[in-house]
Amino acid sequence: MTTEIRDEDLHAYIDGELDDLGRSRVQSIVDADPVLRHQLSLYRADKARLVSLYGGGLNEPLPREWIQRIEGRGARRQWNARTTWTIAAAMAATVVLVLAGSMAYRNFAPATREDIVADALAARTQSPPPDTVVPIRSTRDAQVEAAVMTRVLATQVKAPDLTKLGFRLVGMDVYNTPARSFDLRYRDGKGRIFTLYLRRSSGATRFDLFEEKGLHVCVWQDEVMATVMAGPVSGAEMERLAGLVYTSLT
Amino acid sequence: MVGSRRESFGEALITQLPALRRYARALVGGSALADDLVQDCIERALRQWEGLRDGQRLASWLRSILHNLYVDELRRNRTRGHEQEIAELADDLSFSAPAHDGTMAFEFVRAMDSLSVEHRQVLLLVGLEDMNYREIAAELGIPIGTVMSRLARGRERLRSALEGERRRSGAVHVPGAQEMRQ
């Protein structure tokens, strides 16, 4: 780590915990140091990965005995002995995962910039104009468009609901070139526009988060889908948005 | 009167359970152990609910109970690090992750599991629970400076563990990751 900046300050910068002066100071050091910038990107990717992996599951049904116990209808619990079936299934999962690990590796580190970012930022400004502009006025509209995206992208996709982070889906632009793609437009109460650009993946898995032209941009791609998110939001907001998009897109 | 308060507490407790279970799974690295801990946490909360003065602190109070139960469990049985638990959670996560990247999920869960409980705890409170440093310091009863240093060390060790996991699985070296520390 460079002597100019404490580790703690770098992480406080990632978490949006610095005041304006501290943020500017760290930003200028990071801008001048490509090694540090890369490291920052790796830490951000780890943080986003944590959210994407553990952030789901809130809608899973709760065990009935928990509810019954809280409502005073169930008996006090005994510690469960783990069943043979569970252990066997877990051991099988271990074997499968280890085999999978030996056969495949997916790099989750920041990658070099590709045209998809330029395409996404061009779509954000509707330059060139989209082939089709679809206003979204209701949940029904969003569902219809999700069916179109699913067909075109050949994978199950739905427009993520970002209302809990203050952004409402207001429209979708469709482009036929350079690849069939969709640009979902969200607006929050402050009038800020957040865009989610989607198209078929070129193959390589990548994650990247950076600032450009006053926007925070997040690129998230797996073997199936490529997404570019952009908006005039803070880095911390973008991480939350990206996590929510990632967990609710399919 | 007490019955009504008990009922209100029960309703509030139920609304907290999905987030508590999510936090527990991430903390302990196994969904079966996490569910056992949450269930024990429910029992303790039902016994001690009248000691909770501020209902706004319910989530924090539950996490503290869960954390204490987990530490007790580690001391008793040293359950942390059981391969089947980690694989089980990674398997669950790889099924739920849209990236279809079971290998990455497996590596990440193992890397998280290699951290100390204190490091995992602060990483999850910042990353998963979206709490700021001041709130974390209040919940854990430690100075903000300690939160910051734990977070920095935790993230460094997570990164180092991830690189180790990838080398172990015969994966391609992540460009630039190792030389950063030199």
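Modeller: Happy to! Let's start from one residue pair: A:Cys218 stands opposite A:Met229 in strand 7 of chain A. Do keep in mind that this is a predicted model. The pairing behind that contact joins strand 6 (residues 215-221) of chain A to strand 7 (residues 225-231) of chain A, antiparallel, over six bridges.

Stepping back, these two belong to an open sheet of seven strands in chain A, ordered 1-2-3-4-7-6-5, with antiparallel pairing. At its edges stand strand 1 (132-135) and strand 5 (206-212) of chain A; each has a single partner strand, so one side of each is left without a neighbour in the sheet. From one strand to the next, the twist averages 15°. As a general point, strands of a sheet pair through backbone hydrogen bonds, either parallel or antiparallel.

Now for what lies across the sheet. Helix 6 (residues 115-124) of chain A lies across strands 2 (167-175), 3 (181-188), 4 (193-200), 6 and 7 of chain A. Relative to strand 7 of chain A, helix 6 of chain A runs at about 50°.

Elsewhere in chain A, helix 1 (residues 7-14) is worth a visit too. Its buried residues are A:Leu10, A:His11, A:Ala12, A:Tyr13 and A:Ile14. They pack against helix 2 (20-32), helix 3 (34-54) and helix 8 (235-248) of chain A, together with helix 8 of chain B. After helix 1 of chain A comes A:Gly16, with a positive phi near 65°.

How values were computed:
Residues numbered from 1 in each chain as written. Chains lettered and ligands numbered in written order. Predicted model: local features only at pLDDT ≥ 70, side-chain atom pairs only at ≥ 80, totals over all residues. Buried ≥ 20, exposed ≤ 12 C-beta atoms within 10 Å, placed from the backbone. Helix = DSSP H or I, 4+ residues; strand = E, 2+ residues; numbered from the N terminus. Contact = placed C-beta atoms within 7 Å. Pairing = 2+ DSSP bridges. Axes fitted to C-alpha atoms, helices over the stretch in contact; angles between N-to-C directions.
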